[in-house]
Number of protein chains: 2
Amino acid sequence: MKLYTNSALLSLFEQHIAEMAIPEEPHYLYAPIKYGLEVGGKRIRPILLMLTYNLYAEDIERAIVPAMAVEIFHNFTLLHDDIMDNASVRRGRPSVPAKWGNNIAILSGDAMLILAYKYLQRTSSERLPQIFEQFNKMAAEVCEGQQFDMDFETKDKVSVEEYMRMIELKTAALLAGSAEIGALLAGASDHDCQNLYNFAREIGLAFQLQDDLLDSYGDNQLGKKIGGDILEGKKTILMIEAFSRATAEQREVLCTTHLRKDLSDEEKISTIKGLYDALGVPERVEQQIAKIFEKALAILDNLSVAADRTVELRKYAENLVGRKS
Amino acid sequence: MKLYTNSALLSLFEQHIAEMAIPEEPHYLYAPIKYGLEVGGKRIRPILLMLTYNLYAEDIERAIVPAMAVEIFHNFTLLHDDIMDNASVRRGRPSVPAKWGNNIAILSGDAMLILAYKYLQRTSSERLPQIFEQFNKMAAEVCEGQQFDMDFETKDKVSVEEYMRMIELKTAALLAGSAEIGALLAGASDHDCQNLYNFAREIGLAFQLQDDLLDSYGDNQLGKKIGGDILEGKKTILMIEAFSRATAEQREVLCTTHLRKDLSDEEKISTIKGLYDALGVPERVEQQIAKIFEKALAILDNLSVAADRTVELRKYAENLVGRKS
């Protein structure tokens, strides 16, 4: 049975995205949808869906339609998030709300969510009701996670548990759901579907923690600005871990530095990172990521498929979380 | 086979809405959804779905789940429309964006759309794929209609054909889809499903024209403000009909009156209504409504069911369009 590589799946998926039929009219409803989908990102959710499908089945074309559904869904969330976050740039270009205004962004986002369901509906499977149910569950969870994240902005204290629950909903649910849908579509057993769901949830958690870490400690390789979360005063895992270990005096610094007018951005970032370092925060988060990553990979050992079939899925996890097993 | 009356269906539906299980947390995601659904409106879409179902089947409980889906979908559109229209009042209470802000309105609207799909998914039917397809089609059409309506605001001239196409998408598609879903669920033939779709589309068109007419010529019975469309300079069927029959001088008055600072609201309304009357607009629109209404009722004669089973559906149409056949 043919095993597709990560890069082969990406090429295949990009080809289908490029050939996607999106209506021309009304222009301001559909142009933002095309715009959002054409510049890719990493396509991590559709690739994951195709990888879990390919564990059990090789007619990969069948997985493309639901893979489109999860990718379109993800881009819908970005579109509406950009309104809520007042974000003017997305993937190096003006965001949809910056380019066309909030009203067009709201409505084209809605149409994009409906388009995701159109692809879901076209999925050829006797298990469509289960796939549909899984999709609805994860879609609702993503909204719940986004709401908890917005709630955190005005909350005095966020615990590690609350934070992990939030990213489980906002980030991990969509990966977990994508992995399970691929397995469901391929006819995998309930046992394997559940294990792949759990695997992807853990990978999603590790991915988000890694993302938090890179925002402050990244190597700036991709031109991404370092320290954005610090300047926004965002309650990331770094901030929450730091807060839980800080003295009263250090807590004051953690809470107020981003608001200070007398410091430059550089000074704010170095103040907070100095505290993170002193409190051993990056090491602590690295350890959490490593632990979650190992837990995720161990789940793959429970699958009913031969170990050599999981090779691409393991590579995918390594790439996503930026480490070697 | 039991035939449910319009009012029996409304009571049944309200009972299910009242008993609906909506999660408590996150509060700001789900409270606006409850708020939007609890004050009813006329529930015209779910009632229609149940009426077409009841033409062929009497276990009405089975139709409630998809009826909830179309009602939740409709309320989702109102929630996002209130952001786009900057509307502060809905059904006599503060709108969701006025009460909680735009960000909460965007996200809870998204969650509401997903909730509609959750109900759709729970519909117990072998025909779920067809019902799902129909739902997606109508949902996309409603967004298209809303976009065309927004496009009209900045367009110099809108033809009657363009206007009818816009309301077919924005208003009639959801009624047509609801009617077809009820029939599909009940196992009606393709022929009957198509006829009920067409019937409801015509009724939807007549309903929207009637709504336009009442906005300027209503009897103010329900405390609804008369003349809102005129004061907004909205391109309704009245304005479009008037424009198509007006002299150059009258056109100038039609286009500019709502912008004049030297006139009171009362004076603006009476100026425009004076022109409408002089141009025979209300009579012309009345005729269009009557024609569409007769066309709709005639479609019911093509159904495979006995004429006496359509009695409640005919009453529904009469109530909706405010006339007797």
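Take Thr171(A) as a way in: setting aside residues up to four places away in sequence, its contacts in this predicted model are Gly204(A), Phe207(A) and Gln208(A). Thr171(A) sits in helix α8 of chain A. Is Thr171(A) buried or exposed? It's buried, with 20 other C-beta atoms within 10 Å, and 20 is just what the cut-off for a buried residue asks for. Further along the chain, Val321(A) is 150 residues away from Thr171(A) in sequence, and their C-alpha atoms are separated by 13 Å.

**Helix α8**

Stay with that helix for a moment.

Just past the end of α8(A) comes Gly187(A), with a positive phi of about 85 degrees.

Over in chain B, helix α8 (residues 160–185) gives us Leu184(B) to look at. Leu184(B) counts as buried because it has 26 C-beta neighbours inside 10 Å. Which residues does Leu184(B) touch, not counting those up to four places away in sequence? They are Arg127(B), Gln130(B), Ile131(B), Gln134(B) and Cys193(B). Glu126(B) is 58 residues from Leu184(B) along the chain, with 9.9 Å between the two C-alpha atoms.

**How the two chains meet**

Now for the pair. On the chain B side, 30 residues are in contact with 30 residues of chain A. Four helices of chain B each supply at least two residues of that side: α2 (27–38), α4 (61–84), α6 (102–122) and α7 (128–153). α7(B) gives the most, with 14 residues. By type, the side of chain B that touches chain A divides into 19 nonpolar, six polar and five charged residues.

How are the two copies placed relative to each other? Chain B superposes on chain A by a rotation of 180 degrees with 0.0 Å of shift along the axis, at an RMSD of 0.0 Å. The two copies are thus related as by a two-fold rotation axis. The interface residues tell a matching story: 100% of those in chain B are also interface residues in chain A, so the copies meet through the same surface.

**The nonpolar core**

Which residues touch the most other members of the largest nonpolar core? Ala116(A) and Ala116(B) do, in a core of 203 residues. For Ala116(B), leaving aside neighbours within four places in sequence, the contacts are Ala69(B), Ile72(B), Phe73(B) and Phe76(B).

Most residues other than glycine have a negative phi, and most peptide bonds are trans. Here are some spots that go the other way, in both chains:

| Site | Feature | Value |
|---|---|---|
| Glu25(A) and Pro26(A) | cis peptide bond | omega about -5 degrees |
| Glu25(B) and Pro26(B) | cis peptide bond | omega about -5 degrees |
| Asn86(A) | positive phi | near 55 degrees |
| Asn86(B) | positive phi | near 55 degrees |

Where are these sites? Pro26(A) is in the loop between α1 (6–19) and α2 (27–38) of chain A, and Pro26(B) is in the loop between α1 (6–18) and α2 of chain B. Asn86(A) belongs to the loop between α4 (61–84) and β1 (89–90) of chain A, while Asn86(B) lies in the loop between α4 and β1 (89–90) of chain B.

Is Asn86(A) buried or exposed? It counts as exposed, since there are 11 C-beta neighbours inside 10 Å. Asn86(B) is exposed as well, with 11 other C-beta atoms within 10 Å.

**One more exposed residue**

Last stop: Ala278(A), in helix α13 (residues 265–278) of chain A. Ala278(A) has 12 C-beta neighbours inside 10 Å and so counts as exposed; the cut-off for exposed is 12 or fewer. Ala242(A) is 36 residues from Ala278(A) in sequence, and the two are 9.3 Å apart in space, C-alpha to C-alpha.

Methods
Residues numbered from 1 in each chain as written. Chains lettered and ligands numbered in written order. Predicted model: local features only at pLDDT ≥ 70, side-chain atom pairs only at ≥ 80, totals over all residues. Contact = placed C-beta atoms within 7 Å. Nonpolar A, V, L, I, M, F, W, Y, C, P; charged D, E, K, R; others polar. Least-squares fit on C-alpha atoms with pLDDT ≥ 70 in both. Core = buried A, V, L, I, M, F, W, Y, C linked by C-beta atoms within 7 Å.
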